[in-house]
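Please open the model in your viewer and keep the selection tool at hand. The stops below proceed residue by residue.

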Amino acid sequence: MGQEDLMSTAEDVADQFLRVTKHYLPHLARLCLISTFLEDGIRMWFQWNEQRDYIEATWNCGYFLATCFVLLNLIGQLGGCVLILSRNFVQYACFGLFGIIALQTVAYSILWDLKFLMRNLALGGGLLLLLAESRSEGKSMFAGVPSMGESSPKQYMQLGGRVLLVLMFMTLLHFDSSFFSILQNMVGTALIILVAIGFKTKLAALTLVLWLLAINVYFNAFWTIPAYKPMHDFLKYDFFQTTSVIGGLLLVVALGPGGVSMDEKKKEW
């Protein structure tokens, strides 16, 4: 079987998967996408004192402001998750969660840690895709009205979301000389480039979902570590953040790359 035949077969399998799951995939994508906010909001409740004391000690901001920070994170994240899952005021919920990401990036000094910063940006990319999806749902209410084509803001949201999502994979590259690491880096880099430029997007994004899912379950198995050990919380944070990026990729699979992509331009050739 030639390379083109292999690619064609893979695309047929991906299309068949999409036909079977098209009614469920967007819901699964949204659930995965908000999982890290849901977990973090619940953690704020159960670790209220620890989180407040950490912020108070780190920023020397006093008991009241530290309490406000924890309360804002708890209500902002859980409230945003409920709105997104119930499909109410999704755009406002996305903007609120963007604000939470920015607030935590500063409060927990993530700005100076490149790996965590890239992962937070990837999380923002997933929210951009969710925002683009909510715009598309809003447009669908006027299905009988003539349109000038897909709105530019939505197209560029999808482009920005795709580009930011691939930052997650930049943090997974291993710079050593073993054959497996080199192969993984080459394949992973090729796939993230395809998603970023929007070429064979659904197939590349679906492959990345499977790859990231395997890595997440293998490397971030927090359930195998006793809850009292710090590594448990660290792996749990990583697990849910990676699950959110999987949700963003599933949105790419479900909705396609948007107008600013090579897949879309191919239709014009």
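Predicted model: local features only at pLDDT ≥ 70, side-chain atom pairs only at ≥ 80, totals over all residues.

How many salt bridges does a search of the whole structure find? The search finds six. As background, side chains of opposite charge can pair when their charged atoms come close.

**First stop: Arg30 and Glu133**

Select Arg30 and Glu133 and display their side chains. The two form a salt bridge, with 2.6 Å between the closest N and O atoms. This pair links distant parts of the chain, for its members are 103 residues apart. Colour helix H2 (residues 25–46) to see the element that holds Arg30, and helix H6 (residues 114–140) to see the one that holds Glu133.

Is Arg30 buried or exposed? Its relative accessibility is 5%, so Arg30 counts as buried. Glu133, with a relative accessible area of 4%, is likewise buried.

**Second stop: Arg43 and Asp40**

Remain in helix H2 and select Arg43 together with Asp40; both residues lie in this helix. They are three residues apart, which corresponds to about one turn of the helix. A salt bridge joins Arg43 to Asp40, and its closest N and O atoms are 2.2 Å apart. Both Arg43 and Asp40 are buried.

Next, select Asp53 and Arg52. These residues form a salt bridge in which the closest N and O atoms are 3.3 Å apart.

Salt bridges that share partners join Arg30, Arg87 and Glu133 into one network.

**Last stop: Ser244**

Where is Ser244? Select helix H11 (residues 230–255), in which Ser244 is placed. Ser244 counts as buried because its relative accessibility is 0%.

Which residues are in contact with Ser244, leaving aside its neighbours within four places in sequence? They are Cys32, Leu33, Ile34, Ser35, Thr36 and Leu123. Show the backbone of Leu33 as well: its oxygen lies 2.8 Å from a polar atom of the Ser244 side chain.

To finish, return to Arg30, which lies in helix H2, and display Leu33 beside Ser244, with which Leu33 is in contact.

Methods: Residues numbered from 1 in each chain as written. Heavy atoms only, no water. Salt bridge = Lys/Arg side-chain N within 4 Å of Asp/Glu carboxyl O. Helix = DSSP H or I, 4+ residues; strand = E, 2+ residues; numbered from the N terminus. Buried < 20%, exposed > 50% of the residue type's maximum accessible area, 1.4 Å probe, protein only. Polar contact = N/O pair within 3.5 Å; in protein donor to acceptor, adjacent residues only side chain to side chain. Contact = heavy atoms within 4.5 Å.
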